[in-house]
Amino acid sequence: MNSPAATPSPRELLKLICERYPVFRAWQPLAIGVDKQLIALHPEFPVKALKTALLIHTRSLPYYRNMAKATQRFALDGSIAGEVTDQQRKYASEQIGEIQRKRAEARRAAEEAEKARKAEELRQQKLQLLVSKFGGDKT
């Protein structure tokens, strides 16, 4: 993995981590400092890509959903490694709402863009019909 061509992307790295550690597959709340554990256990993983992979994982909707209802954090081996505080659960719940709001906005924007595209397509069809019916400019 030392050559640039062999360097995994953060998403590829996350997939590898999920394959190796059930706590990731189960979206369990991770122990504080799990990044340092992974760096120590996997020096072959580029640190920047590893940290980005962790951000992708811990900022995902499934992770926030589990954090919002969890009481315990877990180490890589699945053992309990701390508590999830009320404040952390509240933050996770807020993030769930924010993600859902952004997704709804994106969905509405896509629907509006599709309506505008269809309206423009219809306008173009009507214009073509008028041009063909009246023969265009005959001056």
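The dialogue below turns to the salt bridges of this structure.

Guide: This is a predicted model, in which local features need pLDDT of at least 70 and side-chain atom pairs count only at pLDDT 80 or more, while totals for chains, interfaces and linings use all residues. Residues are numbered from 1 along each chain as its sequence is written, and side-chain values use heavy atoms, with hydrogens and water left out.

Visitor: How many salt bridges does the structure hold?

Guide: Side chains of opposite charge can pair when their charged atoms come close. A salt bridge is counted when a side-chain nitrogen of Lys or Arg is within 4 Å of a carboxyl oxygen of Asp or Glu. The structure holds 11 of them.

Visitor: Which residue forms a salt bridge with Arg 89?

Guide: Its partner is Asp 86, with the closest N and O atoms 2.2 Å apart. Helices are DSSP runs of H or I, at least four residues, numbered from the N terminus.

Visitor: Is Arg 89 buried or exposed?

Guide: Buried means under 20% relative accessible area, exposed over 50%, and partly exposed in between (1.4 Å probe, protein chains only). Arg 89 is buried at 18%, whereas Asp 86 is exposed at 58%.

Visitor: Where do Arg 117 and Glu 114 lie?

Guide: Both lie in helix 6, three residues apart, about one turn of the helix. Arg 117 is partly exposed at 42%, and Glu 114 is partly exposed at 34%.

Key
Helices (H or I, at least four residues) and strands (E, at least two) are DSSP runs, numbered from the N terminus.
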